[in-house]
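Visitor: Please show me the structure. I would like to ask about its cavities.

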Amino acid sequence: MSDQIIKYWEEQLPVFDKIKALGFNRYINTLPDFSRAFMLKDNCLRCIDEGTPGGIRLAGSGILLSENEAISVLKNAGVDGIYSHEECGAAKLYAKENNLDPNQADKYGQDWAKKLAKKFNIGYKGFLKITEMARPSGFHIARVAYYDGTGKFNPDEVKGLPSGFVISRRYLNREYALKEMGIAISIALSDHGFGELITPAEPFFLVPIGDLNDSKMSLEELTKELQPLTEKYQKRVIIDGFAATI
Ligand SMILES: [Zn+2]
């Protein structure tokens with residue numbers, strides 16, 4: 001593992017020491033800007049990748065869904081523009097699942113986002129290059145995956161909230177949302193993520209964000225549905241969420 005990666009890991013340790021001591025729910029109350037976490041600047045669709053913050057989030061901007069399934073999510077979430085991005089793990093997975101060339105994954109990601117935007121009659125907002133993204137090339141720095149029952153969450157708006165994958169659970173069915181969470185975990189624990197640095201003492205956090213106004217998206221429900229995903233990782237992956245009013 002390179003020195004650069006160790007540096008990204010070490011930089012985050014003080015925040016995770018606090019989160020481990022307090023739990024997420026108490027930790028967020030120590031952050032003065034926390035209410036900004038629920039003020040999306042736009043409703044554009046982006047990837048769950050921690051490097052593409054903001055808006056509504058779907059792995060590869062929905063490339064793993066059928067066109068009809070994706071359109072239904074877009075309607076439901078009121079999406080008004082679509083981005084694609086460089087080094088997309090979901091586009092690579094799409095290539096593998098469809099026996100296509102994984103080296104062309106970024107092109108498939110772009111083609112998909114353009115096609116979906118056209119079909120739904122909204123703007124294609126462009127291809128985010130790795131140099132414009134909020135993570136280094138070739139590497140994921142996320143120690144957290146947020147499972148967002150509110151559909152409004154953006155950790156990058158709040159100083160002190162760790163960077164992480166965001167899954168817009170509110171607009172997805174349970175089975176597909178869990179598939180996306182599985183992808184986030186497997187990236188984080190692979191050699192494209194912190195991998196073996198993640199241990200029971202320094203775990204990867206699944207963070208359900210419950211909506212206090214919606215019993216179907218409650219913290220309890222979301223925590224329960226994530227539980228089976230953690231079992232095989234023997235405490236290297238833990239669940240620690242919070243509930244919000246928005
Ligand atoms: Zn992506």
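Guide: First, a definition. On a 1 Å grid over the protein atoms alone, a cavity is a set of points where a 1.4 Å probe fits but cannot get out; lining residues have an atom within 4 Å of a point. This is a predicted model, where local features need pLDDT of at least 70, side-chain atom pairs count only at pLDDT 80 or more, and totals for chains, interfaces and linings use all residues. Residues are numbered from 1 along each chain as its sequence is written, and side-chain values use heavy atoms, with hydrogens and water left out.

Visitor: How much space lies in the second largest cavity?

Guide: A volume is the space filled by probe spheres set on the points, with grid points joined across faces, edges and corners. For the second largest cavity, that gives about 40 Å³.

Visitor: Which element gives the most to the lining of the second largest cavity?

Guide: Helices (H or I, at least four residues) and strands (E, at least two) are DSSP runs, numbered from the N terminus. Strand E3 (81–85) and helix H5 (105–120) each supply at least two lining residues here. Among the lining residues are Ser84, His85, Asp106, Gly109 and Gln110. The top contributor, with 3 residues, is H5.

Key: 1 Å grid on protein atoms, 1.4 Å probe; cavity = no way out; pocket = protein on both sides within 12 Å on 5 of 7 lines; lining within 4 Å.
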